[in-house]
Amino acid sequence: MNFKTILVHLDHSDRCAARTALAARWAGAHGSHLVGLVPSGRYDGVIPADAIAPEVGDFIAASADYLRRRAETIGREFEQAVAATGAVAHELRVVDAATTDAVVQHGRASDLVVLGRDGGSGARDVAVHGLVGHVLMEVGRPVLVVPCAGDFEGVARNAVVAWNGSREAAVALQAALPALQRALRVTLVDFRRPQEAGDDRPPSAAEMLRFLARHGIQASFERDVAGSDVAAALLSRVSELGADLLVMGGYGHPRVQEMVLGGVTRQILARASVPVLMAH
């Protein structure tokens, strides 16, 4: 199993280079076709306040020129980053659609979508708020979220899978199989709140380990009581195990026609120091 097509969202943020490098390394390891997607920002209103001089007469034309030049710069940086990681089949797509819509629409023709964590933009760019949550809930593909700090050398070698027997956890585990097959260590971790400690819902841990073994993945399983902060307990265990990838289901709920991430999902994305592979 492989991710045949990997799409990475490109922007002018400080973390775009790290995100591109990780996507390129995963593409190389999986024999993937890498798509670099650059939404121009034309329909997002993401032009920094100081990008256009106040004395410019035709603000619309100046804004369009700024966005075009910015997209060209992002494209050159993408090409250079991919070249630095080796020979990877790739293409660059520059689109004028709104960022969220563009990532969702192009992401559906991919096997994996690579995004930066919300709030990861620096002074050079203005963030599209809620991008990860909207894409995760709408794209129908697994999403790999890259943290705001750190460099990641390549495919995961030590993965933790958050497992609670839910539909979302099962979808994420299935989506992550190509990554887990390349890992040297895989640990399924089931953290329960005190009131759920005795709740043993099928499938059992033994069933899941046999399922993974049939995919060539030798995994271990552990269960513990997390107290009130499941996110903190899970991330603490990720750190203790020295993991370089966290796999978990993406949880959310509708609110006034808007998809909002659940509390644990939101906390994990805000605090995680390793890439998080999620699916909904």
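Helices H8 (residues 230-240) and H9 (residues 263-271) pack with their axes 9 Å apart and at an angle of about 40 degrees, and they are therefore oblique to each other. Oblique is what remains after roughly parallel (under 35 degrees), roughly antiparallel (over 145) and roughly perpendicular (65 to 115). This is a predicted model, where local features need pLDDT of at least 70 and side-chain atom pairs pLDDT 80 or more, while totals for chains, interfaces and linings use all residues. Residues are numbered from 1 along each chain as its sequence is written, and side-chain values use heavy atoms, leaving out hydrogens and water.

The crossing of H8 and H9 is right-handed. On the H8 side, the contact (heavy atoms within 4.5 Å) is made by Val 230, Ala 231, Ala 232, Leu 234 and Leu 235, and H9 brings Val 264, Gln 267, Ile 268 and Arg 271. These residues divide into 7 nonpolar, 1 polar and 1 charged.

Now to the aromatic rings. The structure holds 1 aromatic pair, a pair being rings of Phe, Tyr or Trp (its six-membered ring) with centres within 6.5 Å. The rings of Phe 3 and Trp 26 have centres 6.2 Å apart and planes at 25 degrees, so the pair is stacked; stacked means planes under 30 degrees apart, with over 60 counting as edge-to-face and the rest as tilted. The pair ties together parts that are 23 residues apart in sequence.

Both partners count as buried, as the table shows; buried means under 20% relative accessible area, exposed over 50% and partly exposed in between (1.4 Å probe, protein chains only).

| Residue | Location | Relative accessibility |
|---|---|---|
| Phe 3 | segment before strand E1 (5-9) | 2% |
| Trp 26 | helix H1 (residues 16-30) | 3% |

Helices here are DSSP runs (H or I) of at least four residues and strands (E) of at least two, numbered from the N terminus.

Key
Axes fitted to C-alpha atoms, helices over the stretch in contact; angles between N-to-C directions. Left-handed = near helix turned anticlockwise from the far one by under 90°. Nonpolar A, V, L, I, M, F, W, Y, C, P; charged D, E, K, R; others polar.
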